[in-house]
Structures are given as C-alpha cells and as structure tokens.
Amino acid sequence: DPVLEALYQRNVRSISLINRGRGIRTIWVGQILNVAALDDDGIYGWLPFVRNKDVWPLLSRFNDRLREEAGELGDAYIEVRPDDFSPEDFRDNGHFLGTGSFKLARLLAPTVAKECRRR
C-alpha cells in the first residue's frame, strides 16, 4: 500500500528530525520476528487482516524502507536478520528471551559504540 509506506516514511523522517533538533543521534534497527512461528494462515491479532505467513514479508519491506530513509537522512541503520536468531531465542513470535536479547545486544553494540564516538 503506497499510502501506508508514505506514512511510515514520513514518521521515520519526523522522528529523525526531532532527534536531530535535540542533538540526539538516531540509530535505526528494523523489526525482528520469530519467522518460524509465523508460517500459517492464522492471524495472531496484533496485525489484524494480515495472515501470519505474510507478517514477515510485510515487516521486511518496512525494514527496507527504514534502511533507505536512514541512508537518506544520514542516520545509522543496523541490519539485524531473522537468521541471526533461532526460535529458542523468542518467547513467542516477536519477544526475546534472555538468549535473544543477548544476541541482539552483541549485534547492536559495535555500531552503537561507533555512533556514540562520532561527532
């Protein structure tokens, strides 16, 4: 839906510009899900009208738009992929357990440290 994508991109730009106006460096991280738990025609409920098997393709597209916007805005974007995690890293289809949180922190740390040193 082009209108939905345009609203998403507008909101990303707004957040970035608000942060920049406050002297805050923006680091974007796309949504990550337990893709193995989203492999059927059911609807979990947090995205009404979207079948489970269509959730990740939708969010992956938003992640692509987020990466593009971050690049255009000069913001950092950290690429995190579902295959960086296993189903055992999640409590459900989208919330990390301790192991997943630790893996995410390790993936984010190098870029966060670099961006914090940047002036």
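Predicted model: local features only at pLDDT ≥ 70, side-chain atom pairs only at ≥ 80, totals over all residues.
Residues are numbered from 1 along each chain as its sequence is written, and side-chain values use heavy atoms, leaving out hydrogens and water.

**Entry 1: the overall picture**

I began with the elements, taking helices (H or I, at least four residues) and strands (E, at least two) as DSSP runs numbered from the N terminus. I found 3 helices and 2 strands, and from the N terminus on they run α-β-α-β-α. The C-alpha trace spans about 45 × 35 × 20 Å along its principal axes.

Next I looked up burial and surface. Of the 119 residues, 31% count as buried. The accessible surface comes to about 7,600 Å², and 56% of that belongs to carbon and sulfur atoms; these areas come from the Shrake-Rupley method with a 1.4 Å probe, and for residues only the protein chains shown count as cover.

For contacts I used heavy atoms within 4.5 Å. Among contacts with a separation of 6 or more, 58% are accounted for by residues 24 or more positions apart.

I checked the charges too, counting Lys and Arg as positive and Asp and Glu as negative, without His or the chain ends. Each charge is placed at NZ of Lys, CZ of Arg, CG of Asp or CD of Glu. The mean positions of the 18 positive and 18 negative charges are 10 Å apart.

**Entry 2: helix α2**

Then I turned to α2, residues 52–73. I took the expected span of a helix as 1.5 Å times one less than its number of residues. With 22 residues α2 should span 32 Å, and its end C-alpha atoms are 32 Å apart, so the two agree.

Its buried residues are N52, V55, W56, L59, F62, N63, R65, L66, E69, A70 and L73. I noticed that charged types are in that list, including R65 and E69. What covers these buried residues includes α1 (2–21), β1 (27–29) and β2 (76–78). After the helix comes G74, with a positive phi near 80°.

I picked out N63, which is found in α2. N63 counts as buried because its relative accessible area is 6%. Leaving aside neighbours within four places in sequence, N63 is in contact with G30, Q31, W56 and Y77.

At 10% relative accessibility, G30 counts as buried. Not counting residues up to four places away in sequence, G30 touches N63, L66, Y77 and I78. I also looked at G30 and R67: they are 37 residues apart along the chain, and their C-alpha atoms are separated by 7.9 Å.

L38 has its place in the loop between β1 and α2 as well. Its relative accessibility is 5%, so L38 counts as buried. Beyond neighbours within four places in sequence, L38 is in contact with L33, N52, K53, V55 and N93. The C-alpha atoms of L38 and R51, 13 residues apart along the chain, are separated by 8.5 Å.

Is F49, in that loop, buried or exposed? F49 counts as exposed, at 80% relative accessibility. I flagged its backbone too: F49 has a positive phi of about 75° although it is not a glycine.

**Entry 3: the loop between β2 and α3, and helix α3**

G94 is found in the loop between β2 and α3. Not counting residues up to four places away in sequence, G94 touches I32 and L33. G94 and A37 are 57 residues apart along the chain, with their C-alpha atoms separated by 8.9 Å.

I finished with α3, residues 98–117. Its 20 residues reach 28 Å from first C-alpha to last, close to the 28 Å expected at 1.5 Å a residue. Still, α3 bends by about 40° at A109, with a proline, P110, following within four residues; the bend is the angle between axes fitted to the seven residues ending at a residue and the seven starting there. The buried residues of α3 are G100, L108 and E115, and they pack against β1 and β2.

How values were computed: Buried < 20%, exposed > 50% of the residue type's maximum accessible area, 1.4 Å probe, protein only.
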